[in-house]
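Please keep the sequence and the structure in view while reading.

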Amino acid sequence: NELAIREAMRVVEPGGVLLIADFHKPSSWVLRAFGWMYFTVFEPYGLALWGEKYDPLGQIAREGWRTERTTIFFDNFQVITAHRPTM
């Protein structure tokens, strides 16, 4: 959610770090199939996490923060590390 990311960015002090752990679109077709079934049944809005429209890394980087994405478990999960500029 863009509003939640914006609020998290607002409260990080200059020079501070924001960490976000979230789902990511898996590289394995098997995990994508299971993920699609899970999200369709239990979290219908979760599929938005796989789209290009919702990408917290892009939103944060546009604000001038230094960002890095690390994915694990066949890209199924991501950790975004964002460093706020010191001004």
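The protein contains 3 helices and 3 strands, and read from the N terminus these elements follow the order α-β-α-α-β-β. The model is predicted, and everything said below should be read with that in mind.

**Overall layout**

Taken along the principal axes, the C-alpha atoms of the protein fill a box of roughly 45 × 25 × 15 Å. The protein has 87 residues, of which 31% count as buried. Among contacts between residues at least 6 apart in sequence, 61% join residues at least 24 apart.

**Two buried glutamines**

Glutamine 78 lies in strand E3, which covers residues 77-83. With a relative accessible area of 4%, glutamine 78 is buried, because buried residues are those under 20%. Its side chain reaches the backbone oxygen of phenylalanine 23 at 3.2 Å. When neighbours within four places in sequence are left aside, the residues in contact with glutamine 78 are Ile20, Ala21, Asp22, Phe23, His24, Arg69, Thr70 and Thr71.

Glutamine 59, which is placed in helix H3, also counts as buried, at 11% relative accessibility. The side chain of glutamine 59 reaches the backbone oxygen of glutamate 2 at 3.1 Å. Not counting residues up to four places away in sequence, glutamine 59 touches Glu2, Ile5 and Arg6. For one of these, isoleucine 5, the C-alpha atom is separated from that of glutamine 59 by 8.1 Å, although the two residues are 54 residues apart along the chain.

**Salt bridges**

Side chains of opposite charge can pair when their charged atoms come close. In this structure the count comes to 2 salt bridges, and they are set out in the table.

| Salt bridge | N to O distance | Relative accessibility |
|---|---|---|
| Glutamate 7 and arginine 10 | 2.7 Å | Glutamate 7, 38%; arginine 10, 56% |
| Aspartate 55 and arginine 69 | 3.1 Å | Aspartate 55, 25%; arginine 69, 30% |

Glutamate 7 and arginine 10 both belong to helix H1 (residues 2-11), where they stand 3 residues apart, about one turn of the helix. Glutamate 7 is partly exposed, whereas arginine 10 counts as exposed.

Arginine 69 forms its salt bridge with aspartate 55, and this pair links distant parts of the chain, with arginine 69 in strand E2 and aspartate 55 in the loop between H2 and helix H3 (56-62), 14 residues apart. Both partners fall in the intermediate class, since arginine 69 counts as partly exposed at 30% and aspartate 55 counts as partly exposed at 25%. Arginine 69 is also one of the residues in contact with glutamine 78.

A search of the whole structure finds 6 aromatic pairs. Ring pairs link Phe23, Tyr38, Phe39, Phe42, Phe73, Phe74 and Phe77 into a cluster. Phe23, a member of this cluster, is also the residue whose backbone oxygen is reached by the side chain of glutamine 78.

Which backbone feature is found at phenylalanine 73, although it is not a glycine? Phenylalanine 73 has a positive phi of about 50 degrees, and its place is in the loop between strand E2 (66-72) and E3. Phenylalanine 74, found in the loop between E2 and E3, has a positive phi of about 60 degrees and is likewise not a glycine. Phenylalanine 73 is partly exposed, with a relative accessible area of 48%, whereas phenylalanine 74 is exposed because its relative accessible area of 53% lies over the 50% cut-off.

**A nonpolar surface patch**

Trp29, Val30, Phe34, Trp36 and Met37 make a nonpolar surface patch of about 600 Å². Among them, valine 30 is found in helix H2, which spans residues 29-42.

How values were computed. Residues numbered from 1 in each chain as written. Predicted model: local features only at pLDDT ≥ 70, side-chain atom pairs only at ≥ 80, totals over all residues. Heavy atoms only, no water. Patch = residues over 30% accessible without salt bridge, like charges linked within 9 Å, V, L, I, M, F, W, Y side chains within 5 Å. Areas by Shrake-Rupley, 256 points an atom, 1.4 Å probe, with all protein chains shown as cover. Salt bridge = Lys/Arg side-chain N within 4 Å of Asp/Glu carboxyl O. Helix = DSSP H or I, 4+ residues; strand = E, 2+ residues; numbered from the N terminus. Buried < 20%, exposed > 50% of the residue type's maximum accessible area, 1.4 Å probe, protein only. Polar contact = N/O pair within 3.5 Å; in protein donor to acceptor, adjacent residues only side chain to side chain. Contact = heavy atoms within 4.5 Å. Phe/Tyr/Trp six-rings, centres within 6.5 Å; stacked < 30°, edge-to-face > 60°.
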